[in-house]
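Open your viewer and get ready to click along.

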Amino acid sequence: MERVACGICRSPNSRLAFRIEVTDRNLRYYRYARNIRDTARMTGTFHIVRCENCGVLYTSPRFTEKELAAVYSDNLILGGNWRHFPYLFDAAQPDECQALNQLQNDTLPGYEWKFDILKKHVPETGKLSLLDVGCGNGAFVYRAVGAGYDAHGVDLSEDRIRYGKNCLELGERVNCGPAEEAYLRQDFDVITMWDVIEHVPDPVDLLRKVRGLATGNARLFVLTMSTNSITYKLFGQRWNYINPTQHLFYFSHETMARALREAGWNLISVEMDDSRAKNSVHLMARIVLGSLNVLFFKIYAPHRNVFKL
């Protein structure tokens with residue numbers, strides 16, 4: 001673990017925002033705590049602090065880059081339907097990794113709303129080159145190729161890149177390693193970072209590096225959770241996205257805009273992800289189902305030693 005300064009403005013001054021207990025007695029961290037190798041050092045109390053200068057929330061102390069690599073390289077830690085209570089005790093319930101291996105190419109989840117956003121902001125002038133940074137198993141790259149892009153992807157997880165290369169037959173379109181090392185070209189028209197920036201130890205540095213891979217008029221699309229959201233304001237440290245073992249930063253619209261400016265990007269637009277499918281009914285359903293899962297776990301787990309893992 002290492003104590004760090006703000007990754008946006010570099011200020012060393014911060015104050016405690018949330019104290020989070022990471023343990024297998026908490027449904028949110030059950031898979032992680034059960035499968036991490038060094039439980040004594042990598043579970044327990046974590047702190048999320050707020051920068052007193054720019055206001056961004058970030059995890060500190062946090063894992064070193066070597067420790068983060070151990071977390072992201074293990075699908076038993078990353079995968080798993082942690083939201084769903086039956087998964088914990090029923091071996092017949094597939095986890096996300098098992099389900100992924102059972103997918104056929106034509107049943108991969110769609111990303112229509114992402115492509116709608118791309119089309120809204122990128123002029124169609126022939127075949128566009130696209131780099132998906134943090135591409136995971138390559139599902140978005142696969143869809144992007146099908147949508148007519150010259151698409152490529154890069155990720156730090158060997159397991160997930162192997163899946164993309166072999167199961168999705170993406171071959172050299174997906175590569176393992178840092179983006180600036182995997183690709184030396186500087187001609188990408190579109191760069192996407194879906195649910196990546198919050199995991200990165202130095203967001204501004206990454207944004208600068210991908211700027212070096214882009215054409216002069218390239219468009220960058222960054223998806224991350226926002227502390228401007230109503231769910232964050234309602235739940236605070238019980239917010240669904242609070243996870244100090246993997247999420248190193250929690251951006252507001254203002255702090256994300258500052259990070260982009262620091263890296264040489266100009267903010268064009270802020271969009272809500274898949275907002276067409278999200279409304280008050282959707283929100284209430286998430287709250288009720290999530291609360292029931294936590295309640296069942298707290299009641300049932302102490303009296304049953306038959307865990308899946």
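**Stop one: a threonine**

Select Thr255 and show its side chain, which reaches the backbone nitrogen of Ser252 at 2.8 Å. A polar contact is a pair of N or O atoms within 3.5 Å; within protein, one must be able to donate a hydrogen and the other to accept it, and residues adjacent in sequence count only if both atoms are side-chain atoms.

This is a predicted model, where local features need pLDDT of at least 70, side-chain atom pairs count only at pLDDT 80 or more, and totals for chains, interfaces and linings use all residues. Residues are numbered from 1 along each chain as its sequence is written, and side-chain values use heavy atoms, leaving out hydrogens and water.

(Helices are DSSP runs of H or I with at least four residues, strands are E runs of at least two, and both are numbered from the N terminus.)

Is Thr255 buried or exposed? Thr255 is buried, at 5% relative accessible area; buried means under 20%, exposed over 50% and partly exposed in between, with a 1.4 Å probe on protein chains only. Beyond its neighbours within four places in sequence, Thr255 is in contact (heavy atoms within 4.5 Å) with Ile8, Cys54, Gly55 and Val56.

**Stop two: confidence**

Colour the protein chain by pLDDT, the predictor's confidence in each residue from 0 to 100. The chain's mean is 82. Confidence is lowest in helix H5 (residues 96–102), with a mean of 50, and highest in strand E3 (residues 57–59), at 98.
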